[in-house]
Amino acid sequence: MEYFLTEEQQMIKELAAKIADEKIAPVAIQYDEEGKFPHDIVKILADSDLCGVYIPEEYGGLGGGVLEMALVVEELSRGCAGIALAFAGTGLGAFPIILFGNEEQKKKYLPDIAAGKKLAAFGLTEANAGSDAAGIQTTAVLEGDEYVLNGTKQWITNGGEADVYTIIACTDRNKGARGFSAFIVEKGTPGFSFGKKENKMGIRASCTRELIFENCRIPKENLLAREGMGFIVAMKTLDRTRPGVAAQALGIAQGAFDAALKYSRERVQFGQPISSFQAIQHMLADMAIQIEAARSLVYQTCRHIDSGAKNISKESAMAKVFASDVAMRVTTDAVQILGGYGYMKEYPVEKMMRDAKITQIYEGTNQIQRNIIALELIKEASGKK
Ligand SMILES: Cc1cc2nc3c(=O)[nH]c(=O)nc-3n(C[C@H](O)[C@H](O)[C@H](O)COP(=O)(O)OP(=O)(O)OC[C@H]3O[C@@H](n4cnc5c(N)ncnc54)[C@H](O)[C@@H]3O)c2cc1C
C-alpha cells in the first residue's frame, strides 16, 4: 500500500526499520527474559538522530510531528515493543514541554531529549487514580520560590531511567481537576526517589517504577503553563501520544504477521507447507486486512493531528482502540499459526502476544477510549461543539 509519506518520513521509517531488524530483533528475546533496559539501543537511536524526530528544529529536533514519532515507534516495535517504549515513553514525557513549556523550559530540556542524552517520563497515575485520573492525591504546595511535592506516582514508564519527569499534582484540593498543575521534576532532586522495578507480563525491556515525592522541593519556574492547567496539560498530551500507542500496537502486529507468514511457508505437515491449507490462508488474509486498516487509520489520525486540527480526542482514541485490538487478535492468531512452537519462548510470537496486551491498557484503557469516543459522538450529534 502506498501511504504517501514524504521523502523525509520514508527515510525516518527506513532508518528505524534497519535498526529494528539489525539491532533490536536479534536481542528482543534476551532483553525480555532479563528485563534489561535498552541503554545501548537508545545510544544507537541518538547516533542516528531519531530521538528528536517530533521535536521542533529550534530545540535540536528534526521538526516533525506525531506522524514522525509514530513511524519510529511502529518500526522499533516490530523488533521489540518493550525496547521501543524507551523512545515512546520519552515522547510522552516530552510532549507536555513541547505543547505548554515556555521558551526557557523548552531551551533547557528539549535539546538534550532530542539528542538522546536524556530520557523523559510522564507521571499521572497513582494507586487509587488510574482511569479516574481526576482522583490523584499527590500535592504541590507553593512555599516561597519553591513548590513542595508529596505523593507517589505508580507504574511510570522509564521510571528511574529518565532524567526529566512531567508530573501532574494537585495545587488546590477544593477545585477538583481544575486544581491540578503540571511540573517538570529532574532526577536527582532531593526528596524524589523511585520504587522497585515492576515485574511485568510483557514489554519487559521497559522499566516501570513508582515515583516517590517526599517534601521534594522544585523551583517555581518548573511549573508548566499555569496553576490549574495540569489536567488540560495531561489530556492534550495524551491526545497526541495515543497514536504512538497505536503505532506500537501496529508494529507488534506487523512483526507477528511477518513471523507467522514465514513460518507457514516453512512448516510441513501432511506432506505440504501449512500455508497451503485454506484455514491458515484465511487467517493470514484476515491478519493482513486488519493491519492495513490499522495503519491507514493510525497514519491518517497522525496527519489530522499534525495539521493543527482542533478536535483530535475522538480520532486519537479511535486509532488507539482499533490498532491495539488488532494487535491482540493478530498476535493471538500468529501463536495459533505456529502451533505448539508459537507457545515456546524460542519463537518471537509468544512475546508479541504478551506485549500486545498493554496497548489495550495504558494511556487510558480501551473502555475509557470508547467512553471518550461515545461522548464526543453524542456531543457532536447534539450540536454542542
Ligand atoms: C506497564 C505500564 C506502564 C504504564 N506507564 C504509565 C506512565 O508512564 N505514566 C502514567 O501516568 N501511567 C502509566 N501507566 C498507568 C496506566 O495508564 C493505567 O494502568 C491505566 O490508565 C488504567 O488504570 P488502572 O490500571 O488503575 O485501571 P482501573 O482504572 O482500575 O480500571 C480497571 C478496569 O475497569 C475499567 N474501568 C474503569 N473505569 C471505567 C469506566 N468509567 N467505564 C468503563 N470501564 C471502566 C477499566 O477499563 C479496566 O478494565 C502504566 C501502566 C502500566 C501497566
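Residue numbers start at 1 along each chain as its sequence is written. Because this is a predicted model, local features need pLDDT of at least 70 and side-chain atom pairs count only at pLDDT 80 or more, while totals for chains, interfaces and linings use all residues.

View 1. The protein chain splits into domain 1 (7–119), domain 2 (121–229) and domain 3 (231–381), with bounds from an automatic or database domain assignment. Between domain 1 and domain 3, the C-alpha centres sit 20 Å apart. Each of these two domains puts 24 residues into the contact, where contact means C-beta atoms, placed from the backbone, within 7 Å. Helices here are DSSP runs of H or I with at least four residues, strands are runs of E with at least two, and both are numbered from the N terminus. That side of domain 1 counts 16 nonpolar, 4 polar and 4 charged residues; Ala, Val, Leu, Ile, Met, Phe, Trp, Tyr, Cys and Pro are nonpolar, Asp, Glu, Lys and Arg charged, and the others, Gly among them, polar.

**View 2. Helix 4 against helix 5.** The axes of helix 4 and helix 5 lie 7 Å apart at an angle of about 160 degrees. The axes are lines fitted to C-alpha atoms over the stretch in contact, and angles run from 0 to 180 degrees between N-to-C directions. So helix 4 runs roughly antiparallel to helix 5, a label for angles over 145 degrees. Among the residues that meet are Met 69, Val 72 and Leu 76 from helix 4, and Ile 83, Phe 87 and Gly 91 from helix 5. By class, this contact has 9 nonpolar, 3 polar and no charged residues.

**View 3. Around the ligand.** Of the 22 residues in the shell, Thr 125, Gly 130, Ser 131, Thr 365 and Gln 367 come nearest; the cut-off is a C-beta atom, placed from the backbone, within 6 Å. Strand 1 (120–123), strand 3 (146–157) and helix 11 each give two or more residues. Domain 2 and domain 3 each provide at least three. The shell's classes come to 9 nonpolar, 11 polar and 2 charged.

**View 4. Helix 11 and what follows.** Helix 11 (residues 366–381) has 16 residues and spans 22 Å from first C-alpha to last, close to the 22 Å expected, which is 1.5 Å times one less than its number of residues. Just after helix 11, Gly 383 adopts a positive phi of about 65 degrees.

Methods:
Angles under 35 degrees count as roughly parallel, over 145 as roughly antiparallel, 65 to 115 as roughly perpendicular and the rest as oblique.
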